[in-house]
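The sequence and structure come first.

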Amino acid sequence: QTPNGFVLGMVSEPHIGFMGFEEPVRLVSAGAPFTLQSAQITSVWRDGVTLTVEAFRGSDSIGVVTLSPSATAPTLVTFPGFINIDSAVFTATGGTHHPGHHVEGDGPHFALDDVGLILGPAHAITVTPPTHGTVTCTPDLVPAGESAVCTAQADAGYQVASFTGCTRDGTTNTCTLTNVTAPATVSATFAAAPVSVPTLNEWELMLLGLGAAGLGALVMRRRG
């Protein structure tokens, strides 16, 4: 028999978080905001559980994610917009017992592992889409006081001309934001790449000269 989602939901041993009773689970900050990015979530006993995750700043709800986690493997869940929050509430309801799980346990319980958090304030880096190329920033959500690097990729026939919103690293295709203390917007300008003009080497010039001389001699014979 398959034991339960506590075992199947473990991604990084040896610890796992769980909701062991049919009560909402609340993640609360310790005096500073935090950002909830992702988590591996597994239903412990049941198929078809509805899990709702709601983020708050103070008493204001700023986002909701609803899912139905698997009872046999972790589900990677991301939480877009759960930035600089004070709390997140996980509420699970419904579902039916998964065949093969131990019969002594039941309920809409769930397990949490590999919870992705940024503790303290964080700031989003937004890219204004340029023409003739793309820009990506890593990370795009930066803990206060840390840095991000943005990379530009030009379309064929173009090259990076400049960046806005960050400091270009020499003449490379990257730029850096240091000591990020507020949300930032980054973009790049691309210009047409110069077209290279073929040049003749020494042998090619000699052959060209010989060819021109031969052509001149041929013309003179015809005139004669």
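The report below covers the basis of the model, then disulfides, strands, a salt bridge and a loop valine.

## Basis

This is a predicted model: local features need pLDDT of at least 70, side-chain atom pairs count only at pLDDT 80 or more, and totals for chains, interfaces and linings use all residues. Residues are numbered from 1 along each chain as its sequence is written, and side-chain values use heavy atoms, with hydrogens and water left out.

Helices (H or I, at least four residues) and strands (E, at least two) are DSSP runs, numbered from the N terminus. Burial follows relative accessible area: buried is under 20%, exposed is over 50%, and partly exposed is in between (1.4 Å probe, protein chains only).

## Disulfides

A disulfide is a covalent bond between the sulfur atoms of two cysteines. Here the term is applied to a pair of cysteine sulfur atoms within 2.5 Å. By this rule there are 2 disulfides. Counting bonded cysteines along the chain, the pattern is 1-2, 3-4.

Cys 137 is joined to Cys 150, with 2.1 Å from S to S. This pair links distant parts of the chain: Cys 137 sits in strand E12 (residues 133-138) and Cys 150 in strand E14 (residues 148-154), 13 residues apart. The torsion about their S-S bond is about 105°, so the disulfide is right-handed. Both Cys 137 and Cys 150 are buried.

Cys 166 is joined to Cys 175, with 1.9 Å from S to S. The link of Cys 166 and Cys 175 is left-handed, with -80° about the S-S bond. Cys 166 has a relative accessible area of 14%, so it is buried. Cys 175 is buried too, at 0%.

## The four-stranded sheet

Strands of a sheet pair through backbone hydrogen bonds, either parallel or antiparallel. In this report two strands pair if DSSP finds at least two bridges between them. An open sheet is formed by 4 strands in the order E12-E14-E17-E16, with antiparallel pairing. E12 and strand E16 (167-168) are the edge strands, each pairing on one side only.

E14 pairs with strand E17 (residues 174-177) over 4 bridges, in the antiparallel sense. Which residue of E17 is the bridge partner of Cys 150? That partner is Cys 175.

## Strand E8 and its partners

Strand E8 (residues 87-93) is mostly covered, with 5 of its 7 residues buried. Strand E2 (residues 25-28) pairs with E8 in the antiparallel sense over 4 bridges. Arg 26 stands opposite Val 89 of E8. Strand E5 (residues 50-57) also pairs with E8 in the antiparallel sense, over 7 bridges. Val 53 has Phe 90 of E8 as its bridge partner.

## Salt bridge

A salt bridge needs a side-chain nitrogen of Lys or Arg within 4 Å of a carboxyl oxygen of Asp or Glu. The whole structure holds 1 salt bridge. Its side chains are those of Asp 106 and Arg 46, at 3.0 Å, N to O. Asp 106 lies in the loop between strand E9 (96-97) and strand E10 (110-119) and Arg 46 in strand E4, so the pair ties together parts 60 residues apart in sequence.

Asp 106 is partly exposed, at 39% relative accessible area. Arg 46 counts as buried, at 16%.

## Val 44

Val 44 lies in the loop between strand E3 (34-43) and strand E4 (46-47). Its relative accessibility is 0%, so Val 44 counts as buried. Beyond neighbours within four places in sequence, Val 44 is in contact (heavy atoms within 4.5 Å) with residues including Phe 6, His 101, His 109 and Phe 110.
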